[in-house]
Amino acid sequence: MHELSIATAIVEQAEEIARADGTDRVTAVTVRVGELAGVVPDALHFAFEVARDGTALAGARLVVEQVTARAWCGGCAQEFAVGMPPFFWCPACDRPSQELRCGRELEISGLEG
Ligand SMILES: [Zn+2]
């Protein structure tokens, strides 16, 4: 299950941030997860409960912020949601686009402690 290695990385990174802030206990961690990051939120929550054991995040809550995948259309200079499964075709001018602007994020955006 690759969510476990992702959850472990999140816990390690959050511990580092907390340590740098002089915090020894984290109560909540917020992560931004793009629609195309290939992460199943339910599986990530489950993996987080395993990964946080025995760390500064032992009692922490995981908050997942989902980010909609959006591509840029050069033809009409605007972004559009690619949907899921992704469809890289501008709905406004009916042209293909491969320029993904967001949707692959997997990062910590906030920490409470
Ligand atoms: Zn367009």
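Good morning. Please bear in mind that the model before you is predicted.

Cys73 is located in strand β3, which covers residues 70-73. Leaving aside residues up to four places away in sequence, Cys73 touches Gln78, Phe80, Cys90, Ala92, Cys93, Arg95 and Ser97.

Why do I start there? The UniProt record, an unreviewed entry, lists Cys73, Cys76, Cys90 and Cys93 under "binding site". These residues are spread over 21 residues of sequence, yet they cluster in space, with a largest C-alpha distance of 8.7 Å.

Let me turn to Cys76. Is Cys76 buried or partly exposed? Cys76 counts as partly exposed, because 13 C-beta neighbours lie inside 10 Å. Cys76 sits in the loop between β3 and β4, the latter being residues 78-81. With residues up to four places away in sequence again set aside, Cys76 touches Cys90, Ala92 and Cys93.

I now move to the protein as a whole. The protein has 2 helices and 6 strands, and along the sequence they follow the pattern α-β-α-β-β-β-β-β. The radius of gyration is 17 Å, well over the 13 Å that the globule rule gives for 113 residues, so the protein is more spread out than a compact globule. Along the principal axes, the C-alpha atoms fill a box of roughly 55 × 30 × 15 Å.

Two further values complete the picture. Buried residues account for 25% of the 113 residues. Of the contacts between residues at least 6 apart in sequence, 71% join residues at least 24 apart.

Thank you.

Methods. Residues numbered from 1 in each chain as written. Predicted model: local features only at pLDDT ≥ 70, side-chain atom pairs only at ≥ 80, totals over all residues. UniProt positions renumbered as here; feature names shortened; annotations may be inferred. Helix = DSSP H or I, 4+ residues; strand = E, 2+ residues; numbered from the N terminus. Contact = placed C-beta atoms within 7 Å. Buried ≥ 20, exposed ≤ 12 C-beta atoms within 10 Å, placed from the backbone. Rg over C-alpha atoms; globule rule 2.2 N^0.38 Å.
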